[in-house]
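Let's take a walk through a protein model together. Keep the picture in view and follow along as we go from the overall fold to a few individual residues.

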Amino acid sequence: TSAAIWQYRVEKMLLEGKTQYQTYQIANVPRFGKSLFLDYNIQTSLLDEYIFHECMVQPAMTVHPNPTRVVVCGGGEGATLREALFHDTVEEAVMIDIDEELVKMAEEHMPEWHAGAFTDPRTTMRYED
């Protein structure tokens, strides 16, 4: 098997750090805009994050007749949670993530992704495996 190599030009490094679980970088990448890298691999960018998160959440949410309780396992930057909370029927959304440091970093530095979902009164955050 052969491995693909992806290279990205970084216009500006916005933030770098390491949690007990992973390293992270937020950088401005040409065409992709603000982008999150975890362990030096791109995870999400402003250009297209909505495609991934909408496709992951909206089919289940729209097929369910009355989604009132939602759980998001993982979810780091909060965009999956954001998509679930678009539905007025949701009364409770629990997001569980092992990496509290990364979630807090995303809450502060990636508001475009979570759009306030972390502080929505319907949201309960749990930091555990």
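The protein has 4 helices and 7 strands, where helices (H or I, at least four residues) and strands (E, at least two) are DSSP runs numbered from the N terminus. Follow the sequence and you get the pattern β-β-β-β-α-β-α-β-α-α-β. Bear in mind that this is a predicted model, in which local features need pLDDT of at least 70 and side-chain atom pairs count only at pLDDT 80 or more, while totals for chains, interfaces and linings use all residues. Residues are numbered from 1 along each chain as its sequence is written, and side-chain values use heavy atoms, with hydrogens and water left out.

How compact is the protein? Its radius of gyration, taken over C-alpha atoms, is 15 Å. Along its principal axes, the C-alpha trace spans about 45 × 30 × 30 Å. Of the 129 residues, 42% count as buried; that's under 20% relative accessible area, with exposed meaning over 50% and partly exposed in between (1.4 Å probe, protein chains only).

Now find helix α1, residues 49-63. Still, α1 bends by about 30 degrees at V57, with a proline, P59, following within four residues. That bend is the angle between axes fitted to the seven residues ending there and the seven starting there. V57 is also one of the buried residues of α1, along with E49, H53, Q58 and M61. The buried residues of this helix pack against β4 (41-45), β5 (69-73), α2 (79-85) and α4 (111-114).

Next, look inside. A nonpolar core is a set of buried Ala, Val, Leu, Ile, Met, Phe, Trp, Tyr and Cys residues joined through side-chain atoms within 4.5 Å. The largest one has 13 residues, and V70, L81, L85, V90, A93 and M95 have the most contacts inside it. Helices α1 and α2 and strands β5 and β6 (92-96) each supply at least two of its residues, and α2 gives the most, with 3. Apart from this core lies another, of 10 residues, including I26, L38, M105 and W113.

Technical notes
The expected span of a helix is 1.5 Å times one less than its number of residues. Contact means heavy atoms within 4.5 Å. The radius of gyration is taken over C-alpha atoms; the globule rule is 2.2 Å times the number of residues to the power 0.38.
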